[in-house]
Amino acid sequence: MTEDDGVTVEDKGDTFNTELTYALEVGSMLEMADVRYERRVFDWDDSGAWDRLRAVNPLAQVPTLVLDDGTVVTESAGIVLWIANRYPAARLLPADEPARALAYRWIVSFATNVYAPIIIGDFPARWVDGEAA
């Protein structure tokens, strides 16, 4: 795949959306790397959208990155690291090894420590029943 080849990104929607921004960093990284890609907006209320997402990602996780060769990459941190390493000319990560290690730490820390409470708050019915949700 060359830098002119496209990738497909399935995500929640508008990267300016402040309600659910699970794919904000993925879209931002693709834009900063000047990568052509197709963005498919996922509609949470559309049952057909769930079927289309599960067709490429049985876990139905958002965002989902589908590479031209059909490889499916999930998890925001994994996608962000793939983009940064795939397009080094974009200089999305520090060149200095210790600084890059810290960047890796914060990318993973954000995905593991910040997203978990957001997901619980956005989808309380997954965790508790009845009025508590």
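This is a predicted model: local features need pLDDT of at least 70, side-chain atom pairs count only at pLDDT 80 or more; totals for chains, interfaces and linings use all residues.
Reader: What makes up the secondary structure of the protein chain, and in what order do the elements run?
Author: The protein chain has 4 helices and 4 strands, and from the N terminus on they follow the order β-α-β-α-β-β-α-α.

Reader: Why is Thr64 called buried?
Author: Thr64, which lies in strand E3 (residues 64–66), has a relative accessibility of 0%; buried means under 20%, and therefore Thr64 counts as buried. The side chain of Thr64 also makes a polar contact, at 2.9 Å, with the side chain of Asn57.

Reader: How do you know that this pair is a polar contact?
Author: The distance between the side chains of Thr64 and Asn57 is 2.9 Å, and a polar contact asks for a pair of N or O atoms within 3.5 Å, one able to donate a hydrogen and the other to accept it, so the pair is listed as a polar contact.

Reader: Why is Val114 called partly exposed?
Author: Val114, a residue of helix H4, has a relative accessibility of 31%; since buried means under 20% and exposed over 50%, with partly exposed in between, Val114 therefore counts as partly exposed.

Reader: Which residues touch the most other members of the largest nonpolar core?
Author: That core has 19 residues, and those touching the most other members are Val26, Met29, Ala33, Ile79, Ile83, Leu92 and Ile107. Helix H1 (24–32), helix H3 (76–86) and helix H4 (97–122) each supply at least two residues of this core, and H3 gives the most, with 6 residues. Leaving aside residues up to four places away in sequence, Ala33 touches Ile83, Tyr87, Ala90 and Leu92. A second, separate core of 8 residues includes Phe42, Trp44, Ala49 and Ala60.

Reader: What caps the N-terminal end of H2, and which residues of this helix are buried?
Author: Asp46 caps that end, with a side-chain oxygen 2.8 Å from the backbone nitrogen of Gly48, and within helix H2 (residues 47–56) the residues Gly48, Ala49, Trp50 and Leu53 are buried.

Reader: How many residues does the protein chain have, and what share of them is buried?
Author: The protein chain has 133 residues, of which 36% are buried, and its accessible surface comes to about 8100 Å², with 54% belonging to carbon and sulfur atoms.

Key: Residues are numbered from 1 along each chain as its sequence is written. Side-chain values use heavy atoms; hydrogens and water are left out. Buried means under 20% relative accessible area, exposed over 50%, partly exposed in between (1.4 Å probe, protein chains only). Accessible areas come from the Shrake-Rupley method with a 1.4 Å probe; for residues, only the protein chains shown count as cover. A nonpolar core is a set of buried Ala, Val, Leu, Ile, Met, Phe, Trp, Tyr and Cys residues joined through side-chain atoms within 4.5 Å. Contact means heavy atoms within 4.5 Å.
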